Amino acid sequence: MIDRQINYTPRIVKKSNILIEHSRKLTLLSYKFFDLLISKVQNTNEDNKFSYDISVSELQKLIGSENNYQSYGKLKKIVDNLLTEIVELISPKITSFNSTTFISSACLSKKVLNVEISRSLKSLIDLNYQHSLNTKTINYGFTPIDLNITSKLKSKYSLSLYEYLLKEFKINTRFKKSKKEYSFNLNLNFLRVLNIDS
């Protein structure tokens with residue numbers, strides 16, 4: 001039998017566990033768009049940069065539409081979803097809270113979408129960014145996500161489940177050297193934690 005090497009290059013982003021928990025509130029396309037935005041932020045690696053450009057042609061691949069009018073309509077819904085969903089940066093209490101949205105603003109011009117994120121949110125995306133939040137009250141755990149895999153998933157449920165399991169696997173895994181295998185325990189109640197509308 002011929003041993004064939006498969007050349008596979010993963011597209012890894014490191015996603016904050018806080019954002020994995022909150023992303024389940026997004027639509028499928030908004031979810032994928034936000035993961036793409038994370039890759040843009042992490043690849044740019046500039047501390048004082050808060051706005052990022054994404055071409056419409058790149059977005060059309062994500063949306064799966066070559067018709068400009070359909071693409072713009074879908075893109076507007078994606079942006080509206082990201083502008084309105086709230087991210088709780090710490091567990092809200094009666095006397096304190098720290099909230100933001102997935103994006104702060106978005107402007108489409110000359111087939112380029114410019115997206116701006118808040119300083120608070122950038123601290124959950126850019127690992128090298130100077131954290132301005134209280135690190136004692138916030139869990140900055142990150143989970144590696146392969147965009148080549150998430151881009152092929154066809155439902156919000158499967159995408160949320162994939163990222164959630166990766167997060168739990170990273171947190172709860174115990175490596176058995178003698179058996180050369182990984183194992184982790186996860187209560188089936190995690191399905192309710194996903195809280196995804198059917």
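Mentor: Start with leucine 127, which sits in the loop between α5 (119-122) and β7 (142-146); helices (H or I, at least four residues) and strands (E, at least two) are DSSP runs, numbered from the N terminus. This is a predicted model: local features need pLDDT of at least 70, side-chain atom pairs count only at pLDDT 80 or more, and totals for chains, interfaces and linings use all residues. Residues are numbered from 1 along each chain as its sequence is written, and side-chain values use heavy atoms, with hydrogens and water left out.

Trainee: Which residues is leucine 127 in contact with, leaving aside its neighbours within four places in sequence?

Mentor: Lys14, Gln42 and Phe142, where contact means heavy atoms within 4.5 Å.

Trainee: And how far is leucine 127 from valine 41 in space?

Mentor: The C-alpha to C-alpha distance is 9.8 Å, while the two are 86 residues apart in sequence.

Trainee: New topic. Which residues touch the most other members in the largest nonpolar core?

Mentor: Phe33, Phe34 and Leu37, out of 37 residues. Such a core is a set of buried Ala, Val, Leu, Ile, Met, Phe, Trp, Tyr and Cys residues joined through side-chain atoms within 4.5 Å; buried means under 20% relative accessible area, exposed over 50%, partly exposed in between (1.4 Å probe, protein chains only).

Trainee: Which element gives the most to this core?

Mentor: That is α2, with eight residues.

Trainee: What does phenylalanine 33 touch?

Mentor: Beyond residues up to four places away in sequence, its contacts include Ile54, Leu59, Leu113 and Val115.
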